[in-house]
Amino acid sequence: MATSSLYASSQLLVGELLKRAAHRSPSMDAFKYEGDTLTFEELDQRASQLAAWLMARELKQEDKIGFLMKNSLAIVEVFFGTALTGHAVVPINFRLGVMELEYILNDSDCAVLFIDEEYAGIVWEMMERIPKVRLVIVNGEVPEHMDFLPYSHLFEQDMPYSSPGIHDDEPAMIVYTSGTTGRPKGAVLTHKNLCVNGFNMMWEGQAGLHQIQLATVPLFHIAGIMILIRTVLVCGKTIIQKEYHPLSVLKAIEEEGVTTLALVPTMWNYLFQIPNIGQFNLSSVASCTTGGAICPIGLKHLILKHFHHAFLIDTFGQTETTSSATILKGDDALRKTDSVGRAALNIELRVVDEEMNDVPVGEIGEIIYRGPSVMKEYYKNKAATEEAFKGGWFHSGDLVRMDEEGFIYVVDRKKDMLISGGENIYPAEVEAVLLAHPSIIDCAVIGVPDQAWGESVKAIVILKPGENLTEEEVIAYCGSKLASYKKPKEVEFTKELPRNASGKVLKQVLRKHALEDAGLS
């Protein structure tokens with residue numbers, strides 16, 4: 001099937017990317033999940049059917065379509081089907097609590113909600129508190145006492161699809177941020193944002209036609225959504241896994257011939273804890289991508305050791321930049337190992353002070369962006385939008401420095417910097433030292449109240465299996481690598497760190513726990 005109309009063919013539209021892939025490679029496998037496969041033609045037919053069914057519901061222009069689902073083929077159909085309707089899709093983190101779910105559903109004006117069977121009870125209980133949700137569709141069995149529709153109902157009667165005339169500057173999705181400061185904000189991403197970022201990553205990642213990707217990140221997250229976009233752009237095949245399990249990743253690479261693998265550093269680290277990793281055939285992997293946090297040089301060498309045919313890529317960005325905004329790749333990944341690279345294709349960036357003056361090379365400032373992959377606005381939040389786009393650039397909240405070649409080095413988030421005895425301390429610097437220790441697999445550093453110094457450094461550390469360290473040993477190690485005022489005064493050993501869907505540590509949760517432990521909450 002070709003594009004939907006002459007007008008649609010002239011726009012950068014998510015749904016039309018799928019239709020072009022179906023026109024070019026109709027019989028090729030597009031997505032596979034637990035033995036079930038969709039070709040591009042089948043996906044186009046099901047997405048178009050889903051879109052036609054939704055459009056027949058006579059939704060209002062402002063109505064949004066949400067999904068609360070784990071990784072599956074149904075998510076793929078809902079995402080592309082919604083894109084064809086002209087309504088924005090709202091992907092929702094299934095790990096959120098009831099109050100957070102209610103806030104997002106109400107704030108986003110969600111009228112239709114797709115859910116997995118396991119969330120039916122939760123949604124049923126909150127229906128009176130989410131009055132804007134008029135229709136709930138369940139992927140799975142619907143309990144008898146609930147007036148929800150089964151997902152299969154949408155495909156019982158053939159319905160013709162007709163393009164509603166979508167402009168590529170219209171919202172394709174609203175992604176709610178993790179809410180590290182106050183309520184989550186809905187980042188409005190347009191069809192053009194998603195398409196252009198897909199082009200950016202194709203170019204920067206040297207993506208090949210018909211590449212085979214592995215999707216282990218949650219598909220409600222912007223990084224997961226971009227995997228869907230890249231699949232249709234290169235007419236590739238994506239193997240979807242419900243969740244991350246290192247052994248399952250290795251098996252999928254060997255069995256499916258995966259060519260492109262993207263994991264956050266923590267995932268890479270756990271992958272290399274599999275004792276018999278050398279017994280798997282990993283030679284098909286041509287590119288390895290890391291992002292979400294700085295990837296230590298030792299971990300990069302491990303990646304290249306086990307995936308010795310691979311092109312190494314570091315990415316850096318955020319939801320508001322439609323995922324990646326800077327790229328470090330190839331030889332630069334080792335030559336400039338502490339960097340996150342330079343501006344991606346179609347992205348402009350600057351490093352500025354509080355008055356938006358460019359800071360000198362090597363000095364710390366905030367990185368700001370503009371370009372066609374930067375979000376349109378925060379949904380129904382004019383004040384936050386104006387603050388974010390002050391001076392005509394998007395203000396990221398990330399503190400960085402730039403070298404003479406234009407490479408960016410992340411210092412920390414503005415909100416994570418702590419001040420101890422009048423000295424600025426950037427937790428990311430301490431974390432980099434900790435992660436270089438051979439016994440430490442993961443860590444986070446936060447500031448905690450200190451009567452003498454205002455704040456002091458606390459490290460939360462996860463040790464590799466079978467390893468042992470004391471608090472004194474960790475502090476002494478940091479003292480040998482850092483200025484004395486930067487080393488931790490307190491070390492807590494744990495088994496797990498709270499993370500959001502992109503793998504970033506939720507430091508507000510750690511700070512809250514630290515205050516509670518100190519009796520200061």
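## Terms and basis of the model

Two strands are said to pair if DSSP finds at least two bridges between them, and the helices (H or I, at least four residues) and strands (E, at least two) named here are DSSP runs, numbered from the N terminus. The structure is a predicted model, in which local features need pLDDT of at least 70 and side-chain atom pairs count only at pLDDT 80 or more, while totals for chains, interfaces and linings use all residues. Residues are numbered from 1 along each chain as its sequence is written, and side-chain values use heavy atoms, with hydrogens and water left out.

## The open antiparallel sheet

Four strands, in the order E17-E18-E20-E21, form an open sheet with antiparallel pairing. Strand E17 (348–352) and strand E21 (408–413) stand at its edges, and because each has a single partner strand, one side of each is left without a neighbour in the sheet. Direction ignored, neighbouring strands of this sheet are turned by 45° against each other on average, where the axes are lines fitted to C-alpha atoms, for helices over the stretch in contact, and angles run from 0 to 180 degrees between N-to-C directions.

Within this sheet, E17 and E18 run antiparallel and are joined by five bridges, and the bridge partner of Arg-350 is Ile-368 in E18. Strand E18 (residues 365–370) also pairs with strand E20 (residues 394–402) in the antiparallel sense, over four bridges, with Glu-366 standing opposite Leu-399 in E20. E18 is mostly covered, since five of its six residues are buried, where buried means under 20% relative accessible area, exposed over 50%, and partly exposed in between (1.4 Å probe, protein chains only).

E10 pairs in the parallel sense with strand E11 (residues 237–240) over four bridges, and Lys-237 in E11 is the bridge partner of Ile-212. A parallel pairing over two bridges links E10 to strand E12 (residues 260–263), where Thr-260 stands opposite Gln-213.

The 13 residues of helix H4 (residues 73–85) should span 18 Å, and the end C-alpha atoms are 19 Å apart, which agrees; the expected span is 1.5 Å times one less than the number of residues. All of H4 is covered in the sense that 13 of its 13 residues are buried. After H4 comes Gly-86, whose phi is positive, near 90°.

Gly-86 is also one of the residues touched by Pro-171, together with Ala-88, Val-188, Leu-189, Thr-190 and His-191, not counting residues up to four places away in sequence; a contact here means heavy atoms within 4.5 Å. Pro-171 lies in strand E8 (residues 171–176) and counts as partly exposed because its relative accessibility is 27%. The C-alpha atoms of Pro-171 and Glu-377 are separated by 9.7 Å, although these residues are 206 residues apart along the chain.
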